[in-house]
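This briefing goes through one predicted model.

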Amino acid sequence: MNTQTPINDMRSREEKRQSALLDTRPRTTLSFYRYVQIENPIEFRDRLLAAWSKLGCMGRIYVAHEGINAQMNVPKENFAAFDAWVQLQPELVDVPYKIAVEENNLSFYKLTIKVRPKIVADGLDDATFDASNTGEYLTAAEMNEYVDNPDALVIDMRNVYESEIGHFKGAVTPNVDTFREELLIVPDLIKEHKDKKIALYCTGGIRCEKASAWLKHKGYTNVKHLKGGVIDYKHQVEEQGLPNMFKGKNFVFDERLGERIGNEVISNCHLCRTTKSDTHHHCKNKICYVLFLGCESCVAKYNGYCSRWCQITDKAPKKAKKVFARYYNRYLKATQFKKTRLRTVA
Ligand SMILES: [Zn+2]
Ligand SMILES: [Zn+2]
């Protein structure tokens, strides 16, 4: 079995998927991040790539001077070896792993480790901002108290396509597509509530490290954030028998696209807009590839496409498709997602 993943993996998405499907070893899906000074991110990347491809790991990992952010899976048979290796790296000793709730062998199809200027793109360019002045952590039990408390404000620091399928009861869910936008609008959005206790949350906690420091910088004094994000919240709720205050699904950035946390479905299909659905699909038209929520009957009716337009243009001859692609990139890409999605009110 070929477990080597070259740096320049030129295989198509489908080829990678097919070869990943052949490797049927049970896998553990996990994520972790750490803000830590990394002197030479390229050397660090090469070190990770060499060790982790040997162990058959797959995933998407970002490395920067400011730290590491990893979403990945590891063959169960190699997990002990993986962990032993991680513990030997000075940058990673005792890094807390967040293990995925649902087991899934196909969370990733390949190993990609990228060196980036930052591990989370925040777009912040304010020299007076001290990102290390983060808010205190909240446990799951403490988070539940915030959800129930009228003097507290719970804010979802994720994008709208994440919060629309799942969020904490009563949370503020800003209508944004990027973390950058989120940081820009949130301080204004909640300015009436400066005296309230504020709780932030995100998928695994990494965005809130920065967001809590940012809100403190913007004059909010009582800002805390959910440690380990929604992923760890679910574990704590189960281990400690706490009531689950998170409704719906937690969007995750791998091939699964979501982990169920609460049993209810809180969003509607983007195509018929009437049937409840929280299953994300990528449009089958490669030019479009938009992420949409689709109910079973719409997905069948449109054959996996997000719209009639995509269904028809995908069958067009190559030459015509090129024209469509140009049109799509220029005019539609920026607006399509906003047009098709619905806001939740739950
Ligand atoms: Zn539908
Ligand atoms: Zn489409």
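D94 sits in a loop, the one that runs between helix α3 (79-87) and strand β4 (98-99). Its phi is near 65°, a positive value in a residue other than glycine. The coordinates come from a predicted model.

**Residues with positive phi**

- Most residues other than glycine have a negative phi.
- D94 counts as exposed because it has 7 C-beta neighbours inside 10 Å, and the limit for an exposed residue is 12 or fewer.
- R273 is not a glycine either, and has a positive phi of about 65°.
- The loop that holds R273 lies between β12 (259-260) and β13 (280-282).
- R273 has 13 C-beta neighbours inside 10 Å, so R273 counts as partly exposed.

**D46 in helix α2**

- D46 is part of helix α2, which covers residues 41-54.
- Is D46 buried, exposed or partly exposed? D46 is partly exposed, because 15 other C-beta atoms lie within 10 Å; a buried residue would need 20 or more.
- D46 and V265 are separated by 219 residues in sequence, and their C-alpha atoms are 42 Å apart in space.

**Strands β7 and β9**

- β7 runs parallel to strand β9 (residues 197-201), and 5 bridges join the two.
- A152 has K197 in β9 as its bridge partner.
- In a regular strand the side chains alternate between the two faces of the sheet.

**Domains**

- The domain assignment gives domain 1 as 13-115, domain 2 as 136-248 and domain 3 as 280-340.
- Between the C-alpha centres of domain 1 and domain 2 the distance is 27 Å.
- How many residues of domain 1 are in contact with domain 2? There are 6, and they are in contact with 7 residues of domain 2.
- On the side of domain 1 that touches domain 2, strand β1 (residues 27-35) supplies the largest share, 3 residues.
- That side of domain 1 is made up of 3 nonpolar, 2 polar and 1 charged residues.

**The chain as a whole**

- The chain contains 11 helices and 14 strands.
- The radius of gyration is 21 Å, which agrees with a compact globule, because a globule of 346 residues would have a value near 20 Å.
- Along its principal axes, the C-alpha trace spans about 60 × 50 × 45 Å.
- Of the 346 residues in the chain, 38% are buried.
- Among contacts in the chain with a separation of 6 or more, 65% are between residues 24 or more positions apart.

**Confidence**

- The chain has a mean pLDDT of 88, and 92% of its residues reach 70 or more.
- Residues 1-6 have a pLDDT below 50, and this stretch has 7 contacts in the model beyond near neighbours in sequence.
- Over residues 336-346 the pLDDT stays under 50, and the model has 20 contacts for this stretch beyond four places in sequence.
- Where pLDDT is low, the predicted coordinates should not be read in detail.

Note on methods: Residues numbered from 1 in each chain as written. Chains lettered and ligands numbered in written order. Predicted model: local features only at pLDDT ≥ 70, side-chain atom pairs only at ≥ 80, totals over all residues. Pairing = 2+ DSSP bridges. Helix = DSSP H or I, 4+ residues; strand = E, 2+ residues; numbered from the N terminus. Domains from an automatic or database assignment. Contact = placed C-beta atoms within 7 Å. Nonpolar A, V, L, I, M, F, W, Y, C, P; charged D, E, K, R; others polar. pLDDT = per-residue confidence, 0-100. Rg over C-alpha atoms; globule rule 2.2 N^0.38 Å.
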